[in-house]
Amino acid sequence: MSHLPELRYPSVTEIVTSARALAAHRPDLCVLRQVGVSRGGRPLHLLSVGHARRAVLVVAGAHANEPTGGSTLLHLAERTLLQRELRRDTSWHFLLCADPDGASLHVTPAPRTLLEYHLGFFRPAGPEQPEWSPSVLPPDRLPPETRALTRVIDELRPYLQVTLHGTDLGGSWVQLTKDIPGLAEPFAKSAAELHIPVETAASDAAGWPASGPGVHVMPAPGSDTAYPSMPDDARHSTWYHAHRYGGLTAVVEVPMWASDLVDDPAPHPDPAAALRRLARRLLTDAVRVEAVLERAAPRLPGPDGPLLRAAKWALELVPGLAGDWSQAPPPDTTMAYVGSVDAFGRRLPLRAASMLLRVLQETGDAEVPLLADLVASWSDAFAERFRARWVPLENQVEHQARTVVAAARHARDDVA
């Protein structure tokens, strides 16, 4: 029996339907229940498998533009049902989609190129992201999705929370709020077997200690961050909520398109010059998008919708981030790190342009042809520069699932 939709990313409705079928098939082991409601009135569902008090919580869909997690979550739910040893002393709980409103706006379920991916792109502004909102908003302004997630953590008190993330183009890496000894080896082995590069110096984890290639441990609260301009700090996200109960969080990232340029540990010959160049390009690209926005703004209906809010938020990050990159580079800067920053610098204005394009297309604005050409040329240049190769969906899912199971096993052994 398999309830996992094949060869494409399932919609939230399909994920819920599959979870409901699993619960109906094994009502002795499975419970599907609603644990909250989104801002847009969409239900948030939790599928629980097993009855042990020791719990693992798996979260999918925290970022709308990272669709692999939904498929992985269903794969893991089936696997925990089929493999009794996984639930021998552990119950598994699956938050099917942390942001169903966002998922409804990201509309590329089966992209074949980076351009197709970006033509349907959506990623909310930071304050509207369920995991990140506590790092930028006061407690009384947190969105209902965030409050639902923290309530689930409070109820389950998981020894491990795993949140399933992904990247459009790059490699795989893991972010940990506390180290999980022994995880690096099975993570690296899985990536090698499935031909997925390990992002050994992800810009998302710049300056963090590593317990192995691609396995990054978040620095303690109060320590300096590599990018001080960024308004959101992972150490104030929902990832740390599990620490209240002695648990930890693992963030498992997997790419849709792979690039070996982010897996090169060789020292970069001149990182300061390279990062300054990337900072200048980031500023230049952002100015091109801002110019389109400025010309079109008088014709846009108000108030700003989620796509426009997200595009503006992405552009607002650019000046500070470019300033961060213009400072002294991290010690022992590698080719992989510069490659990761290069990808980040291409990604941010491209995403802003893509979301603005969708806004302007709705009104038939005169700026659409120019912006469409920009999105197309940037998407193609991104893919060409990084020699992008598609990672089959089954490989994305298998690698992410293997890493989750390894994290659960090693984290359990560490706290036993």
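**Figure 1. Helix H8 crosses helix H9 in a left-handed sense.** A crossing is called left-handed if the near helix is turned anticlockwise from the far one by less than a right angle, and right-handed if clockwise. This is a predicted model, in which local features need pLDDT of at least 70 and side-chain atom pairs count only at pLDDT 80 or more, while totals for chains, interfaces and linings use all residues. Residues are numbered from 1 along each chain as its sequence is written, and side-chain values use heavy atoms, with hydrogens and water left out. Helices (H or I, at least four residues) and strands (E, at least two) are DSSP runs, numbered from the N terminus. H8 and H9 (residues 335-363) pack at an angle of about 155°, with their axes 9 Å apart. Here axes are lines fitted to C-alpha atoms, for helices over the stretch in contact, and angles run from 0 to 180 degrees between N-to-C directions. The two helices, H8 and H9, are therefore roughly antiparallel; angles under 35 degrees count as roughly parallel, over 145 as roughly antiparallel, 65 to 115 as roughly perpendicular and the rest as oblique.

**Figure 2. Residues of H8 and H9 meet along their contact.** Contact means heavy atoms within 4.5 Å. On the H8 side, the residues include Leu307, Ala311, Leu315, Val318 and Trp325. On the H9 side, Phe344, Leu348, Met355, Arg358 and Glu362 are among them. By class, the contact of H8 with H9 comprises 17 nonpolar, 1 polar and 2 charged residues. In this division Ala, Val, Leu, Ile, Met, Phe, Trp, Tyr, Cys and Pro count as nonpolar, Asp, Glu, Lys and Arg as charged, and the others, Gly among them, as polar.

**Figure 3. Lysine 312 belongs to helix H8 (residues 306-325).** With a relative accessibility of 30%, lysine 312 counts as partly exposed; buried means under 20% relative accessible area, exposed over 50%, and partly exposed in between (1.4 Å probe, protein chains only). Leaving aside residues up to four places away in sequence, lysine 312 touches Leu293 and Asp304. Between lysine 312 and valine 289 there are 9.9 Å in space, C-alpha to C-alpha, and the two are 23 residues apart in sequence.

**Figure 4. Helix H7 (residues 271-296) packs against helix H10 (residues 368-385).** Their axes lie 11 Å apart, at an angle of about 160°. H7 and H10 are therefore roughly antiparallel to each other, and their crossing is left-handed. H7 contributes Asp285, Arg288, Val289, Val292 and Arg295 to the contact, and H10 contributes Leu370, Leu371, Leu374 and Trp378. The residues of this contact of H7 with H10 comprise 6 nonpolar, no polar and 3 charged.

**Figure 5. Helix H1 (residues 12-25) packs against helix H2 (residues 68-82).** The angle between H1 and H2 is about 5°, and their axes are 10 Å apart. H1 is therefore roughly parallel to H2. In the contact, Ile15, Ser18, Ala19 and Leu22 of H1 meet Gly70, Leu74, Ala77, Glu78 and Leu81 of H2. This contact of H1 with H2 has 6 nonpolar, 2 polar and 1 charged residues. Threonine 72 is also placed in H2, and at 0% relative accessibility threonine 72 counts as buried. Not counting residues up to four places away in sequence, threonine 72 touches Leu164, Val397, Gln400 and Ala401.

**Figure 6. Strand S2 (residues 43-49) is largely enclosed by the rest of the structure, since 6 of its 7 residues are buried.** Two strands pair if DSSP finds at least two bridges between them. Strand S1 (residues 30-37) pairs with S2 in the antiparallel sense over 7 bridges. Valine 31 has serine 48 in S2 as its bridge partner. S1 and S2 form a hairpin with 5 residues between them, and in the turn glycine 41 has a positive phi of about 90°. S2 also pairs with strand S4 (residues 91-95) in the antiparallel sense, over 4 bridges. Serine 48 has histidine 93 of S4 as a bridge partner, and leucine 47 has phenylalanine 94 of S4.

**Figure 7. Strand S4 is largely enclosed by the rest of the structure, since 5 of its 5 residues are buried.** In a regular strand the side chains alternate between the two faces of the sheet. In S4, Ser91, His93 and Leu95 point one way, whereas Trp92 and Phe94 point the other way. Strand S3 (residues 55-59) runs parallel to S4 and is joined to S4 by 5 bridges. Valine 59 stands opposite leucine 95 in S4.
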